[in-house]
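Hello,

Here is the structure I said I would pass on. My notes on it follow below the model.

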Amino acid sequence: MKKIKGRMDESILVCVYYGPNGERLIKRGSKIANMLDCPLYILTVDPLPFDEFDAEKSAYIDRWKELADQLGAEEFILRDNEKRPFAKVIAEVAHRYNITQIVIGQTAQNRWEEITKGSFVNVLLRAISFVDIHIVSIDRTVHTEEDVAFEPGVRCYLLKDGAGYRVSFAYQKDICYDGIFFKDIGTDFNNGIFKYVYNGTTYQVRVHDDKIIDPIKTPKNVNCHDVKKKEKE
């Protein structure tokens, strides 16, 4: 059961788009909501319908939902198959949930690039003039709690390699998992982390010189055939 908030005259909406910085924006919005003791909402907008999302998008959605639950957010809002301008959708959500403060990223990826030009913010302010907007300056790189920086994620696959696994950036028939690889900054080798989804849950393992050095966190004795069969189901 969610904690009853002390203030209902304030409410925070965090707008995220795909990329590792989305998680940082959510945590920033959560800190503001905790300081104000008010409700927190998280929104992402996509022009594609949900059933057309690829593994990368699905993994981000799963992680954001998990994080929303951990942080006690009131609701994670996904507006898929949305053809209207993003600012109009955000304004509609803000009106519906009585939002008073919006958190967006200054250098978020893809469609959120327009935020940095200022025009997006101006359109948003005209649509919802009663809302305060927090533009969070964040890098294109993502940092873990250990302050290790990674490059933007790229699509990647895991192949069986003896008793373990190795990463491949080319699709092959005998892949075991597909996901996103985040390469360590400052290395010429494939060192970093690999994130993938199995049975609706997101997992993360370390990669060193193309090899997976952490245990694959899926049921014991699972093989590539079982993984592919499960994904089709």
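**Notes on the model**

D184 lies in the loop between strand 10 (175-183) and strand 11 (192-198); helices (H or I, at least four residues) and strands (E, at least two) are DSSP runs, numbered from the N terminus. With a relative accessibility of 13%, D184 counts as buried, where buried means under 20% relative accessible area, exposed over 50% and partly exposed in between (1.4 Å probe, protein chains only). The side chains of D184 and R206 are joined by a polar contact of 3.1 Å. A polar contact is a pair of N or O atoms within 3.5 Å; within protein, one must be able to donate a hydrogen and the other to accept it, and residues adjacent in sequence count only if both atoms are side-chain atoms.

On provenance: this is a predicted model, in which local features need pLDDT of at least 70 and side-chain atom pairs count only at pLDDT 80 or more, while totals for chains, interfaces and linings use all residues. Residues are numbered from 1 along each chain as its sequence is written, and side-chain values use heavy atoms, with hydrogens and water left out.

**Overall**

The protein has 5 helices and 13 strands. Of its 233 residues, 46% are buried. Among contacts (heavy atoms within 4.5 Å) with a separation of 6 or more, 63% are between residues 24 or more positions apart.

**Helix 1 and helix 2**

The axes of helix 1 (residues 21-36) and helix 2 (residues 55-70) come within 11 Å and cross at roughly 15°. That makes helix 1 roughly parallel to helix 2. Axes here are lines fitted to C-alpha atoms, for helices over the stretch in contact, and angles run from 0 to 180 degrees between N-to-C directions. Angles under 35 degrees count as roughly parallel, over 145 as roughly antiparallel, 65 to 115 as roughly perpendicular and the rest as oblique.

On the helix 1 side, G22, E23, I26 and K27 take part in the contact, and they meet R63, W64 and L67 of helix 2. By class, this contact of helix 1 with helix 2 has 3 nonpolar, 1 polar and 3 charged residues. The classes are as follows: Ala, Val, Leu, Ile, Met, Phe, Trp, Tyr, Cys and Pro count as nonpolar, Asp, Glu, Lys and Arg as charged, and the others, Gly among them, as polar.

I61 also lies in helix 2, and at 0% relative accessibility it counts as buried. Leaving aside neighbours within four places in sequence, I61 is in contact with Y18, T44, F50, F53, F76 and L78. I61 and T202 are 141 residues apart in sequence, yet their C-alpha atoms are 9.9 Å apart in space.

In helix 3 (86-96), the residues F86, A87, V89, I90, A91, V93 and A94 are buried. Y97 is found in the loop between helix 3 and strand 4 (101-105), and its relative accessibility of 14% makes Y97 buried. Not counting residues up to four places away in sequence, Y97 touches S11, Y41, E75 and I77. With E75 there is a polar contact of 3.2 Å, side chain to side chain. Y97 and I12 are 85 residues apart in sequence and 9.4 Å apart in space, C-alpha to C-alpha.

N98 lies in that loop too, between helix 3 and strand 4. N98 is not a glycine, although its phi is positive at about 55°. The relative accessible area of N98 is 58%, which puts it in the exposed class.

**Other residues to look at**

D209 is a further residue other than glycine with a positive phi, near 50°. Its place is in the loop between strand 12 (201-208) and strand 13 (211-212), and at 37% relative accessibility D209 counts as partly exposed.

V154 is found in strand 8 (residues 154-161) and is partly exposed, at 38% relative accessibility. Not counting residues up to four places away in sequence, V154 touches F169, G179, I180 and F181. V154 and F194 are 40 residues apart in sequence and 9.6 Å apart in space, C-alpha to C-alpha.

M8 sits in the segment before strand 1 (12-15) and is exposed, with a relative accessible area of 61%.

Regards
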